[in-house]
Amino acid sequence: MSMNPAQVEFLAENQTIQITPNFSHDRLYLICGEVGPFRPGIPVQVPLWMAINLKQRQKCRITAPEWMTVETLVKIKEDEGQSKTFTPMPDEHYMVTTQLILGAAPHDIANTDEIRILVKDIWDMRIAKLRSSVDAFLKIGGSLAKVDHLTLMEINTVRPFLPHALDQLFRLRQEKNSTYNQTQ
Amino acid sequence: MLAPELLSPQTELVDCLLEQTKNMEENLMAISKSDFRFALHRMEVERIRYIVTSYLRIRLEKIEKFLCYLLNNENKRQRNEPSLLTEDELKFAQELSSNTESHLKTLGLRHMPTNMRDINTQKFMIAPNRDSYVFARVKDDAPSVLVSDGTSEGEMEVELLKNSQHLLPYRSIASLVQNNVVNLM
């Protein structure tokens, strides 16, 4: 029972983001809600999948989310480095959003290379933390864990291994318990 | 997708979405293809269709996997308890079961000695593993739950604060998932 990265990306694409269209259009009545109206130069909120599509057809400029600046990301990276646990991320799907936006609209965002490197560093740090804490967790034979502030994509990197391993350990403990009770 | 067992069917949601997409598609046939709105509405319809079909497909996979268990439950169910299977799914399960049985009979069993020709459905039964570990996120504050680790002494209490995330056996939070207080990740 695991998700593949494409499915996580699909979920991330439902987030809203701000764009500045270069065309004019009335309100759009989507099944999920209303979007628009679109006026050139006036920012409007749309779902991420629509923003990427419009950008690819050269119909808008994408505004970076508030957290996608060098200063914010440097601060987040420092906090993550100093904390032993996981710090809250500004966005549940920070990795996917960064890749999609920087892939489709590199010229609309300032300092794209730095931002890419910073996000990658934050990701690597968190994954390394996740790996070592999973290692420690399995060694002490823990049976439940608190995983606050972990994002879906990061959790997906340890699936299906971690839940499956824990299932097996649970089953082994159950067996050990029942044989122990039988021999009493 | 993430729950180890079959959850109750969200038939109203599915029906509503399917109807909306059908209406939208009819509207789309009416306007021309080069219209700017066409592509965007089309994309949304495709996205919704993808979610609905993968939801239904996952349900069918689970029905195939837990066939005997689910049919057994269905037979034991009381009149007033809601079913885990929709009418179509129940029909699918019953036909699959009888087809498998007749397939096995014609393929091999009729060539076996007479005293070995029965199919013991109890042995076929795969019950879902409700102790399977899952990642869960708490939507609203909930009363704490007791989590077992497989041994009879090792029970721990877990506080379920809003927005906290946990890795624990599905059994401890199964009812909370059904009531939508806890979401699986």
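**Close-up views of chains A and B**

**View 1. A strand of chain A pairs with a strand of chain B.** In this predicted model, strand β6 of chain A (residues 145–146) and β4(B) pair in the antiparallel sense over 2 bridges, where two strands are said to pair if DSSP finds at least two bridges between them. Within this pairing, A:Ala145 stands opposite B:Leu167 in β4(B). Helices (H or I, at least four residues) and strands (E, at least two) are DSSP runs, numbered from the N terminus. Residues are numbered from 1 along each chain as its sequence is written, and chains are lettered from A in the order in which they are written. Local features need pLDDT of at least 70, side-chain atom pairs count only at pLDDT 80 or more, and totals for chains, interfaces and linings use all residues, while side-chain values use heavy atoms, with hydrogens and water left out.

**View 2. Chain B meets chain A across an interface.** Here 42 residues of chain B are in contact with 43 residues of chain A, contact meaning heavy atoms within 4.5 Å. The two chains bury about 4,000 Å² between them, and 66% of this lies on carbon and sulfur atoms; buried area is the accessible area (1.4 Å probe) that two parts lose on being put together, summed over both. B:Phe36, B:Arg47 and B:Tyr133 supply 19% of the area that chain B buries against chain A, which is more than any other three residues.

**View 3. A salt bridge joins the two chains.** A salt bridge is counted when a side-chain nitrogen of Lys or Arg lies within 4 Å of a carboxyl oxygen of Asp or Glu, and by this rule 2 are found across the interface of chain B and chain A. In one of them, A:Glu13 is joined to B:Arg47, with the closest N and O atoms 2.6 Å apart. On the side of chain B that touches chain A, the largest share, 13 residues, comes from α2(B).

**View 4. A salt bridge lies within a helix of chain A.** Which residue forms a salt bridge with A:Lys75? The partner is A:Asp79, at 3.2 Å from N to O. Because A:Lys75 and A:Asp79 are 4 residues apart in helix α3 of chain A (residues 70–82), they are separated by about one helical turn. Side chains of opposite charge can pair when their charged atoms come close. Over all chains, a search of the whole structure finds 21 salt bridges.
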